[in-house]
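Here are my notes for anyone opening this one for the first time. Have a look at the picture, then read on.

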Amino acid sequence: MAPETNVVTMVPCEVCSEQPPKYRCPRCEVRYCSLTCFKQHKLNTCGERGKLVQEQRRRTQQCEAAAATVQEEENAVSMEMWDDGMDEGDEEDRVPLDRLQKLRDSEELQDLLCNPHLQRMIREVDSSDDPEVTMQRAMQEPIFVEFADQCLRVVEPQPNGTEQG
């Protein structure tokens, strides 16, 4: 609990609200001004807030790990060499590579892909012996429908910029 070097005097102590803070709790990052405030904080709120901060860090790490996994999988599969299993007569349903690459850059999709339940459903569809049935079952889940809708909004944007509804 060393004194903070760049103390912003406009923000008061988060415990007593009287003095500018000089220290930051190492567990939950609350800023406080004195040993008295630290002791009061530790007794009253540090445990709960510390758990929240730790949970936020854990979720961030999960999201970063999921994004890294997606990136590794993208790097492992060359989009140009990918056999999508479509016949030549299905060309009208084929999404051009440049639009597929927009999926990778969509922040909304990245946020959705942080959901472990959605990740599990996507893996089930991908590894299924009967992907059509598995996809129909997945489309009964609201998070999967939201994911599918967002994918469509990215690859099939509306001509005037309005969202599909």
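1. First, a term: a residue is buried at under 20% relative accessible area, exposed at over 50%, and partly exposed in between, using a 1.4 Å probe and protein chains only. By that count, buried residues make up 20% of the 165 residues in the chain.

2. Some housekeeping. This is a predicted model, where local features need pLDDT of at least 70 and side-chain atom pairs count only at pLDDT 80 or more, while totals for chains, interfaces and linings use all residues. Numbering starts from 1 along each chain as its sequence is written, and side-chain values use heavy atoms, with hydrogens and water left out.

3. The chain has seven helices and two strands; these are DSSP runs numbered from the N terminus, helices being H or I of at least four residues and strands E of at least two. Along the sequence the pattern reads β-β-α-α-α-α-α-α-α. Taking contact as heavy atoms within 4.5 Å, residues 24 or more positions apart account for 31% of the chain's contacts with a separation of 6 or more.

4. Now the inside. A nonpolar core here is a set of buried Ala, Val, Leu, Ile, Met, Phe, Trp, Tyr and Cys residues joined through side-chain atoms within 4.5 Å. The largest has 11 residues, among them Leu109, Met121, Ala138, Phe144 and Val154. Helix 4 (107–112), helix 5 (116–127) and helix 7 (142–155) each give two or more residues to this core, and helix 7 gives the most, with five. There is also a second, separate core of 10 residues, which includes Cys13, Cys25, Val30 and Phe38.

5. What does Ile143 touch, leaving aside its neighbours within four places in sequence? Ile143 is in contact with Leu112, Asn115, His117, Leu118 and Met121.

6. On to helix pairs. Axes are lines fitted to C-alpha atoms, for helices over the stretch in contact, and angles run from 0 to 180 degrees between N-to-C directions. Under 35 degrees counts as roughly parallel, over 145 as roughly antiparallel, 65 to 115 as roughly perpendicular, and the rest as oblique. The axes of helix 5 and helix 7 come within 10 Å and cross at roughly 75°, so helix 5 is roughly perpendicular to helix 7. His117, Leu118, Met121, Ile122 and Val125 of helix 5 meet Ile143, Phe144 and Phe147 of helix 7.

7. Helix 5 also packs with helix 6 (residues 131–138), at an angle of about 160° and with axes 8 Å apart. That makes the two roughly antiparallel. On the helix 5 side the contact uses Met121, Glu124 and Val125, and on the helix 6 side Pro131, Thr134, Met135 and Ala138.

8. Is Thr134 buried or exposed? Thr134 sits in helix 6 and is buried, with a relative accessible area of 8%. Beyond its neighbours within four places in sequence, Thr134 is in contact with Glu124, Val125 and Ser128.

9. Last pair: the axes of helix 3 (residues 97–105) and helix 7 come within 8 Å and cross at roughly 130°, which makes helix 3 oblique to helix 7. Here Arg99, Lys102 and Leu103 of helix 3 meet Cys151, Val154 and Val155 of helix 7.
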